[in-house]
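Please walk me through this structure, with attention to its aromatic rings and to the residues around them.

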Amino acid sequence: MQIPIESLNMLLLNVGLAHHNADWNWQQVCSPFTRIYYVKEGGARIHFEDKCYELTPGNLYIIPAYTLHSCECHGLFTHYYLHVYEGFKTESNIFDYYDFPTEVKNCEDCERMFELMCQAIPEAQLPESNPLSYDNQATFSSYVHRYHALPLYQKMELRGIILYLFSRFMKNAVPKIWTTDKRMVKVLSYINDHICMDIDLEELADIAFVTKTYLIRLFKKHFGISPLQYINQKKVERAQLLLITEDMLVKEVAAALGFLDYSYFTRMFKKSTGKTPQEYRDTFK
């Protein structure tokens, strides 16, 4: 199972070369965009919930959107960084379809790709490396606006380079088991197409041509969670994006995602992120 390349509509937010000396240390970072790093010299670590990676020269690294992680650096560390954002899409995220390697070794040719992007759009360099300085509503919106204002030829150039970098990870990506089940492909596609609506499990069962009970069992087998948990997880991710990119009341965000019960939306959001929707928004101001 493959997703169409036209669905990989990734917008460049930031790209640049950063120099650090024991000052690249950030805790509990989680952003609505994907990060890619290329290490030029020195070293650092990225900590995930279940694994730690040593960042070493010549290697390429990726951190998908909404992935909680921490950074650690105790000495010299020079790296290129790229932040890309998928926008408000209805298509399934490429990370839903494949398990990507976090690290790709011996990617020296990628350094030239980063150099080209830095030359093409120097204003995309971050003013500072602290995520709190750019993970906020005002700067995020300005970066999205800056990309949309670029001439078409430049967007094409940047998209080509971004796809090239993603291809290095794609080469060793493994399709997720559920992609071999056409029933699940249809179900997931429906969920993504209707994530802003109230999705009924009976509808999903009809799409898969199975009973509701069997759908739940089949879904748990492939994803480890129930269809409702998955739907709510995706709705929370979309809510996180709306909260930091749109000037909407929290109740309007809940309504836009098909929640008739505002209290339920708030409880579910806090359970997933550890913060209420308003508290989450306030951290990005």
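Lys251 lies over the face of Tyr262, 5.4 Å from the ring centre, where a charge sits over a ring if NZ of Lys or CZ of Arg is within 6 Å of the ring centre and within 35 degrees of the ring normal. This is a predicted model, in which local features need pLDDT of at least 70 and side-chain atom pairs count only at pLDDT 80 or more, while totals for chains, interfaces and linings use all residues. Residues are numbered from 1 along each chain as its sequence is written, and side-chain values use heavy atoms, with hydrogens and water left out.

Lys235 likewise has its charged end over a ring, that of Phe259, at 5.4 Å from the centre. Phe259 and Phe265 are both buried (under 20% relative accessible area, with exposed over 50% and partly exposed in between, for a 1.4 Å probe and protein chains only).

Across the whole structure, 17 aromatic pairs are found, a pair being rings of Phe, Tyr and Trp (its six-membered ring) with centres within 6.5 Å, stacked if the planes are under 30 degrees apart, edge-to-face if over 60 and tilted for the rest. Tyr97 and Trp178 form a tilted pair, 5.1 Å centre to centre with 50 degrees between the planes. Tyr97 is buried at 6% relative accessibility, and Trp178 is buried at 1%. The rings of Phe259 and Phe265 lie 5.1 Å apart at their centres with planes at 45 degrees, so this pair is tilted.

Glu108, by contrast in topic, is partly exposed, with a relative accessible area of 47%, and its C-alpha atom is separated by 8.8 Å from that of Leu60, 48 residues apart along the chain.
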